[in-house]
Amino acid sequence: MMWLLLCWISSQMQAAPLVEWTMINVNQGDAQADAHLLEFRDGTKILIDAGENGNALVDHLKARKITHLNKILVSHAHKDHYRGIPELLETVQVAQVVMNFPDRKQCDLEKPWGCDWDDLAKLRESLKKKGVPLTKDSLGMVHYAGVGAE
């Protein structure tokens, strides 16, 4: 009988999810979600993109009591994906930023879609001032998270 009770109790308990994914609206518009927060069971927190409005992102993270990010992954070098990072660095400790910085020629070609060489230089300077390492991403690069991930 005790065994049956233990089985029932364990069936009612759910383990915490391995990862929780929150889409954060940080840009203009109701349906925008230009920042994605991944929170792993071991406490690892990874932000994918930071939107253009750092204040909205900072407010969201403060409300969640998040003061540290293990990594920020920037999908591509358009302002609406990285421009929120400098404001974020003022209140949240960031261990690493991973981003594929285009060369000047490529950035100039993508200017109509949001690539801005001078703005990228400001981002690099912000990261350098805060001592946050910038890792160049490349095609096929794999990112690991959680216990034992490097």
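This is a predicted model: local features need pLDDT of at least 70, side-chain atom pairs count only at pLDDT 80 or more; totals for chains, interfaces and linings use all residues.
Good morning. I shall begin with the largest nonpolar core, which holds 29 residues; among these, Leu47, Leu57, Leu69, Ile72, Ile85 and Leu88 touch the most other members. Two or more residues of this core come from each of the following elements: the strands β2 (35-40), β5 (71-74) and β7 (97-99), and the helices α2 (54-63), α4 (85-89) and α6 (117-130). As general background, nonpolar side chains in soluble globular proteins tend to be buried together.

Which residues does Ile72 contact, once neighbours within four places in sequence are left aside? They are Leu47, Ile85, Leu88, Val94, Gln96, Val97 and Val98. Of these partners, Leu47, Ile85 and Leu88 were already named among the core members that touch the most others.

I turn now to two loop residues. The first topic is Asn27, which is located in the loop joining β1 (19-24) and β2. Is Asn27 buried or exposed? Its relative accessibility is 17%, under the 20% limit, and therefore Asn27 counts as buried. Between the C-alpha atoms of Asn27 and Ala50 the distance is 9.4 Å, although 23 residues separate them in sequence.

The other loop residue is Asp116, situated between α5 (104-109) and α6. Asp116 has a relative accessible area of 15% and so is also buried. Where does the side chain of Asp116 reach? It reaches the backbone nitrogen of Asp118 at 3.0 Å, and that of Asp119 at 3.0 Å. Setting aside residues up to four places away in sequence, Asp116 touches Lys79, Tyr82 and Cys107.

Thank you for your attention.

Methods
Residues are numbered from 1 along each chain as its sequence is written. Side-chain values use heavy atoms; hydrogens and water are left out. A nonpolar core is a set of buried Ala, Val, Leu, Ile, Met, Phe, Trp, Tyr and Cys residues joined through side-chain atoms within 4.5 Å. Buried means under 20% relative accessible area, exposed over 50%, partly exposed in between (1.4 Å probe, protein chains only). Helices (H or I, at least four residues) and strands (E, at least two) are DSSP runs, numbered from the N terminus. Contact means heavy atoms within 4.5 Å. A polar contact is a pair of N or O atoms within 3.5 Å; within protein, one must be able to donate a hydrogen and the other to accept it, and residues adjacent in sequence count only if both atoms are side-chain atoms.
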